[in-house]
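Colleague: I would be grateful for a close look at one part of this model, followed by an account of how that part sits within the whole.

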Amino acid sequence: MGKKKIVIVGGGYVGFEVAQKLDAVADVTLIEQREAFVQPPAAIRSLVQPELLEQIILPYDGLLKSGRVVRGRAVSVAEDAVTVENGDRYVADYIVIATGSTYAAPFKPAGDSIEDFRQTSADVAARLKTAETVVIVGAGAVGTELAGEIASAQPGKKITLISSDDTLFPMYPAKLGANLERKLKKLGVTVVLGQRVQDLQRLDQPYEGSVTLADGSEIAGDMIFPVIGSRPQATLIKSLPGVQEGTLGRVRTDGWLRPSDYANVFVAGDIADVGDGMTIVATARQNPWLVKTLKALVAGETVEKLKPYSPWKKAPILVPLGPIVGNSWLFTTVGDRITRMMKGKELFIPKYRKAFGMSARAK
Ligand SMILES: Cc1cc2nc3c(=O)[nH]c(=O)nc-3n(C[C@H](O)[C@H](O)[C@H](O)COP(=O)(O)OP(=O)(O)OC[C@H]3O[C@@H](n4cnc5c(N)ncnc54)[C@H](O)[C@@H]3O)c2cc1C
């Protein structure tokens, strides 16, 4: 008997890793619309260090040894197959949908073109270099890191980071947000808290203009970055029978990450509303569960007899402000040294390059 067939849609943090880990035990097909994986955490620093960009664009060619990566956009999912835009149909015993999310430019590629992403990142980096005033709207991890990267690499710019919350990282113990706020101020960043921007003109890319805050004050910027969160791409999965919409446009699942009436179709990552955030940290918990579960299914077990997925109670978070300083919450708040070692210095670049069969650093 041949190996069981697993089709995975989306080669992001979920798809590439789950495909690679199952490659030896199943007949794996990974369907991905782009020719390369891109690492968003390092896309932030690429704006102040443009030469980094080529290091974080990782072609899928070397990913799988036995299975295959199919370049194409999946357009429909049936119980036993996934169909791609050109009409090709990939038959499956098990299907994983991990179509992830989009983000405002220039932080993640949009659509199927890596070349457009390269160009957009380079354009924004060039504009940023000459900008004197920068306004960042949204102080989640991306906005906060962006403020830190710009302030540490290009001191002298007037940078304003705006949040509608009263503290930075309000979901975490107060020490994390307070320490990050203090370090940002030390880097020269103006942190405006508790103020919702009333008139953000674009959600898709940075622009020149001004923003009005709830108190009526106005802040002008040579560059205004909209950084207000990920938008899940769940259209494909929402067409399946029995799917229920969850929060923020994600889809709900049962205990085994199944969102529909099809017992063999799983979801994970940014599209899955399972109690985790839209983070790589979430996929670091979901992927091993998914791999273990699919290995057991391939070996003949039934899903309901396997342990259901349990989300992070409170997920750790690493927030570098450039390569040297930062803070993290790793079940306790930690400072510069650990944040630098775990993320700030290398931004996981060697880890992902190696996973894609490349040297740890570009030659
Ligand atoms: C700038 C930035 C920095 C971040 N930094 C961090 C961080 O430091 N730590 C952290 O924990 N999280 C971070 N995140 C969040 C993290 O990037 C996401 O949570 C993660 O990418 C989700 O992985 P995923 O596999 O669900 O989806 P994605 O990574 O979005 O991948 C989805 C893939 O599916 C493909 N796809 C979509 N639709 C189709 C289709 N129909 N057919 C074929 N392919 C399709 C896409 O091309 C894409 O490759 C960051 C996000 C951004 C934007």
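Colleague: Why are Glu-181 and Lys-185 separated by about one helical turn in helix α5?

Modeller: The model is a predicted one, and the values below are computed from it. Glu-181 and Lys-185 both belong to helix α5, which spans residues 174-186, and they are separated by about one helical turn because they stand four residues apart in that helix. Their side chains meet in a salt bridge, with an N to O distance of 2.9 Å. For the structure as a whole, a search finds 17 salt bridges.

The surrounding annotation may be considered next. An unreviewed UniProt entry places the feature "domain: FAD/NAD(P)-binding" at residues 77-284. Over this span the chain is 25% helix and 25% strand, and its end C-alpha atoms are 25 Å apart. The unreviewed entry also carries the annotation "domain: Pyridine nucleotide-disulphide oxidoreductase N-terminal", which covers residues 5-54. Residues 5-54 are 32% helix and 28% strand, with 33 Å between the end C-alpha atoms.

Domain 1 consists of 5-33, 72-103 and 230-305, while domain 2 consists of 114-229 and 316-355. Eight residues from domain 1 and eight residues from domain 2 take part in the contact. The centres of domain 1 and domain 2, taken over C-alpha atoms, are separated by 31 Å.

The interface can be described by its area and by its pairings. About 750 Å² is buried between domain 1 and domain 2, and carbon and sulfur atoms give 55% of that area. On the side of domain 1, the residues that lose the most area to domain 2 are Tyr-103, Arg-231 and Val-281, which together account for 56% of what that side buries. Between domain 1 and domain 2 the count of salt bridges is zero, whereas two residue pairs are in polar contact, both at pLDDT 80 or more. The elements that give two or more residues to the side of domain 1 touching domain 2 are α1 (13-22) and α7 (280-298). Of these, α1 supplies the largest share of that side, namely three residues. By residue class, the side of domain 1 that touches domain 2 divides into five nonpolar, two polar and one charged.

Two points of backbone geometry complete the account. The peptide bond from Ala-105 to Pro-106 is cis, with omega near 5°. Pro-106 is found in the loop between β10 (101-102) and α3 (114-130). The other point concerns Phe-331, which is not a glycine and yet has a positive phi of about 70°. Phe-331 has its place in the loop between β21 (325-329) and β22 (333-334).

Methods
Residues numbered from 1 in each chain as written. Heavy atoms only, no water. UniProt positions renumbered as here; feature names shortened; annotations may be inferred. Domains from an automatic or database assignment. Contact = heavy atoms within 4.5 Å. Buried area = accessible area lost by both parts, 1.4 Å probe. Salt bridge = Lys/Arg side-chain N within 4 Å of Asp/Glu carboxyl O. Polar contact = N/O pair within 3.5 Å; in protein donor to acceptor, adjacent residues only side chain to side chain. Nonpolar A, V, L, I, M, F, W, Y, C, P; charged D, E, K, R; others polar.
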